[in-house]
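Please open the model in your viewer and keep the sequence panel beside it.

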Amino acid sequence: MTKFSIALGVGPREPMSRVATIAKFMEENGFHAMWVQDNPLTTKDAYIALTVAALSTERLVLAPGVTNTVIRHPSVIVNSVSSLDNLVPGRTILGIGGGGPSLMMPLGFKVGRASEFKEDLRSIMTLTNGGQVTLSKEAHYGVNSALHPIPVYVAASGPIMLRLTGELADGVVITGAAQKDAFAQKINLAQEGATRSGKDAAKLKINLMITVAVDSNRHKALNDVKPFAAGLAASGDKDIPPKYEHLIKKIRDQHDYRTYLSSKGTESQFCLLYTSPSPRDRG
């Protein structure tokens, strides 16, 4: 069955208590999950927000959307999400990513290599399944709070990350410009990675992330969503149609990643996640 979820960031001007109101509204209106952005430079703490949502709902699935291995060690990530799962058993997903430009650049980091993220993802998959990560012959570690497996979904856009996600993770959150043909190609790449690793590609959970802004004033909604579109253009998203090439160049020259979801932003910005049914579900 097709499911719809909402991914959002708790803005600097928003009271954390508002998360409870949003979570209750989502549950009452049939949304599947709440994903909370994890970027300490632009939003309030994701795991505190998820805890507030957990204590305010009974069925809503909860996930960091997404957390990253730039600012959090794999053991810290797994411990946090396992602790959340202990509070609401079976209602947790771990959303993970390599860290986008809006986080990396202000911190003075370069965007990480896929090979580095792959090792972190391997560690996370091992830890969420109760295993231990081996660092050397003498050194290894596990996470005692990881009592049972938690689904791991990876945010991915480029071919390398999509194949890597299909190879190792339980699901993919496909990001980038919302273009139908591009989404289809990305789904194929993720499933290709699953098949190459010997997994059943039909079991890979596919999630499409679409950025939206909701407001009764159309002009305001368009202004609200612009920072997201500018971020995609500045990061070199290849899914943006070529006819906008001149605008993309202008944006890259002027875009400041620190303005992404800044305190001057709006509270109406969020992303809609569409979870497509698997072939088995369709059958």
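With the whole chain shown as a cartoon, you are looking at a predicted model that contains 10 helices and 11 strands. If you colour the chain by accessibility, the buried residues make up 46% of its 283 residues. Of the contacts in the chain with a separation of 6 or more, 72% are between residues 24 or more positions apart.

Next, select residues 18–28, which form helix H1, together with residues 46–56, which form helix H2, and turn the view until both axes can be followed; the two helices pack at an angle of about 50°, with their axes 8 Å apart. That angle is why H1 is described as oblique to H2, and the crossing in which H1 passes H2 is right-handed.

Now show side chains where these helices touch: on the H1 side select Val 19, Ala 20, Ala 23 and Lys 24, and on the H2 side select Ala 49, Val 52, Ala 53 and Ser 56, which they meet. Sorted by type, the residues of this contact between H1 and H2 comprise six nonpolar, one polar and one charged.

For the last stop, move to helix H5, residues 114–128, and select Thr 128, which lies in that helix. Is Thr 128 buried or exposed? Thr 128 counts as buried, because its relative accessibility is 1%, and buried means under 20%. Its side chain reaches the backbone oxygen of Met 125 at 3.1 Å.

Definitions and conventions: Residues numbered from 1 in each chain as written. Predicted model: local features only at pLDDT ≥ 70, side-chain atom pairs only at ≥ 80, totals over all residues. Heavy atoms only, no water. Axes fitted to C-alpha atoms, helices over the stretch in contact; angles between N-to-C directions. Helix = DSSP H or I, 4+ residues; strand = E, 2+ residues; numbered from the N terminus. Parallel < 35°, antiparallel > 145°, perpendicular 65-115°, else oblique. Left-handed = near helix turned anticlockwise from the far one by under 90°. Contact = heavy atoms within 4.5 Å. Nonpolar A, V, L, I, M, F, W, Y, C, P; charged D, E, K, R; others polar. Buried < 20%, exposed > 50% of the residue type's maximum accessible area, 1.4 Å probe, protein only. Polar contact = N/O pair within 3.5 Å; in protein donor to acceptor, adjacent residues only side chain to side chain.
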